[in-house]
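Hi,

Here is the model I promised to pass on. Have a look, and my notes follow below.

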Amino acid sequence: MRAVDDVSITVREREFVALLGSSGSGKSTLLNLLAGLDRPTSGAIYAHDKDLADMDSRQLAHHRSHTVGMVFQAFNLLPRMTLEENVELPLRLAEVDRAERPARVREAVERVKLTARLTHRPSELSGGEQQRASLARALVNRPTILLADEPTGNLDSVTGDTIMRLLQEINQLLQMTIVMVTHDRPRAEKFAQRIILMGDGKLISDGVGMTA
Amino acid sequence: MKLRDLTELAGRNLREALLRNSLTTLGIAVGVASLVAMTSLGVGLQEMASSRLAKSGLFDAVFVVSQANQRRFGGPRRDDSTPKGPSRRLDETARQDLAKLPNVTEVYPEMRFQTEIQYDGKPYGTTAAGIVQSAQADGAFDNMKGTFFSSGSAREAILQVELAKDLSKDPDSLIGKDVILRYAEKQPIPSQPAARLNGKGAASDASEDNEFGPSGGDGLSAGFSIVPREMTLHIIGIVETEPAAGFGGLGRGRLLIPMETAQKLRASQPGDMRELLRGLNGKPVYETLTVRVKSPTNVKSVEDSIKSMGFGTFSIIDATKNIQLFFQVFDSLLFIFGSLALTVACLGIINTLAMAILERRREIGVLKALGAQDSDVRKLFFAEAGVMGIVGGIFGVFFGWLIGRALTFGTNVYLTRQQLPTIDLSRVPWWMVLAAIAISFVVSLAAGIYPASRAAQLNPVEALRYE
C-alpha cells in the first residue's frame, strides 16, 4: 500500500492547478498533505517557504486557518448552523475580532452570490448553493491558497460549471493559488491553467490547460 | 478560540441534542441534589444542636465557687480549675469584682431552696429557683405558655409543667391564678459571746482555722434563726423544660420566681449551716456565682481572670469541642453518601460526551480542517461538560433545598402530631450553594477529560471520511 510515493511538484503563486488521476492514485492524499491535515512520513512540503513536515500541530492548525482554504466534495457544512454561521466559523477559530466579522462574512457571501440565503441552514440549500457556501467559508479568512477536493463531484454538470467559473473568477480576481483534485478531465482542461496527472502515487504528466 | 465563541458553540451543541443533554444534566442535578440534601441535613442538625446548647445558657457562662466549696461538687474536675491566686470568700464584694471583669455581662448567685406552696388549699412540696431576666432568651422559655416575668422584683411565678400538672388537671388554667409560697426565712441573730454559742473557745477556734481568715468582731451577727414566711405569687406562665440547673447538680427548680424577688426572701439554702459553722457572721456568702460572658469565645479568658482572683471555676465550653468533632465525622459520612450519586452522574457525562464524539466525528474533522487546534476541540468538549455541570449544579442545589424542605415538613408534621415543637431540620447556607455548584462544575470537567482528549486527538482526515 502506498499513499503517494514519489511526487515532486512546484505550484507557483496565482496558479490554478488541477490534479487528475484515477481512484487511489494519491491525489487526495497529496491535497491533504498540502492542507496540513496529514503529515508526510518522509519528504517535504513547502508552503511559502515553510516546510509543513517540520510544523507541530499548532503551526499546522495556523496554516489551515490562515494560509489555505478548503472546499470538499461533500461540502461539509455544519448542518446545525445557518449559512452565515458556517461562513463565520473560520473567523471564530482564527480569533478574528467580533466587530470585524459581519463585514468579512458579507464580503465572502457576496463573492459567491448567496447573500439572500444567509439565514438558511444547509438542508435548505441546493447542492450548488451548499458548495458556494463552502467556498465562501474557505475564502472568509482570506487565504493565499485554495484547495478543492472534487468540488463538482456531487453536482450536476450545469451547477458544476458554475462552481468552476467561480473558482476561475477567484483565481483571477483575488490572485489566489488554487489546487483542485478532480476526476473530471474535460472540466479541468476547460478551467485550470495546469493539469497534473497522477497514477499509483507518481507523477505521470504535468501540462498546461486550455486557459493557460 | 476565544472563551465567548467557545461558550456559544458549546451552548449550540448542547441545544442540538437537547433531550440527551437535558437528561445528562438532570443526572448531575440529582447527584448534586443528593449531596446538598445530605449536607444540609448535617448542617441543619449541627446548627440546631449548637443553637439548643447555646440557648441552654451553659456555653456563655462560667460557674464560680470558692476554693473551699470546690472539692464538694461532684461535677467535672480539671487540673486547670484550681485557683491561681490566694483563695477568697464568694461574697457580695467578690460578686461586684467579678462583674467588673472585661466581657462579663452579668453575675448572679444560684438561688434555689426547698419550699412548700399552697394552691386551692392543698400543700405541695417543691423547689423554688430564682431566674434572672436575661434567662428569657434561654431555650427553656422558647415555647412557654403565658409570659415571662414583668420585672426582676415582680411577685410572679412561672411553673414547670410537671408541677402545674400536680396542681391542676388543666395546667393551662393556672395562668392568672395565685399561689402561696411558704418558705424558711433566715433572720440574723445579734452577736453574742462565743462561749454561749459553742462552748469555751469553740467560736474563736473555728474562726481562726477558717480558710477565709479571722472572722468575728464586726458586730453584725453570730448566726441566724429560721422563721416561716408566706408570699402570694401570681402565676404568669408555664414552661415545658426546666431551665439550666447551673453547676453542681443541686437540683432544678419547678417554681420559678424573679431573681431579685428570690434574693429578698432571704430563704434558707442548703449550704447555710456549713457557712454558719465557718463563722461567716451572717454576711451573705454565695454557694456559687454564675458569670455570664458576651460570647462563648470569652469564656477562657474570663475563667483565667477569675482563677487569678482566687476562685475555682468550671465551664462547659470543652464539651463543644467533642460535639464539633462528632458533627465533622457525621457531615463527612453524609458527604460521602451524597457524593455517590454525583459519581454516577459523572459516568452519565462521560457517556454523553463519548456518544457526542461518535456523532460529531465529521464535525470535529471539519473544525480541524478550518483551523481548529487540538486544544480548541478539547476546550469545546470541556465547555460542554462545564455548562452541563453548572446548570446541573444550579438545579441540583434547588432540588436539594426542596428535598431538605420536604424532610423538614414531614418531620414537623410528625412532631406536631406528637405535640412537640417544630424544628428546622435542614439548612442550605450560601457557602453550600456556591460550593455545590463549584463541585458540580469541577466534577463535570473531570468527567469530560477523557472524552475531550479523545476528541482532540482525532485524525482530521479520518474524521472527515467518517459517515
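**What I found**

Starting with the interface: 19 residues of chain A are in contact with 17 residues of chain B (contact: C-beta atoms, placed from the backbone, within 7 Å). On the chain A side, two or more residues each come from helix 1 (27–35), helix 2 (57–67) and helix 3 (83–93) of chain A, and helix 2 of chain A gives the most, with five residues. Helices (H or I, at least four residues) and strands (E, at least two) are DSSP runs, numbered from the N terminus.

Before you go further, this is a predicted model: local features need pLDDT of at least 70 and side-chain atom pairs count only at pLDDT 80 or more, while totals for chains, interfaces and linings use all residues. Residues are numbered from 1 along each chain as its sequence is written, with chains lettered from A and ligands numbered from 1 in the order in which they are written.

Chain A averages a pLDDT of 89, and 95% of its residues score at least 70 (pLDDT: the predictor's confidence in each residue, from 0 to 100). Confidence in chain A is lowest in strand 8 (residues 202–208), at a mean of 80, and highest in helix 3, at 95. Chain A has seven helices and eight strands. Of the contacts in chain A with a separation of 6 or more, 68% are between residues 24 or more positions apart.

Buried residues make up 45% of the 212 in chain A (buried: 20 or more other C-beta atoms within 10 Å of the residue's own, C-beta atoms being placed from the backbone).

Cheers

Technical notes. Two residues are in contact if their C-beta atoms, placed from the backbone, lie within 7 Å. A residue is buried if 20 or more other C-beta atoms lie within 10 Å of its own, exposed if 12 or fewer, and partly exposed in between; C-beta atoms are placed from the backbone.
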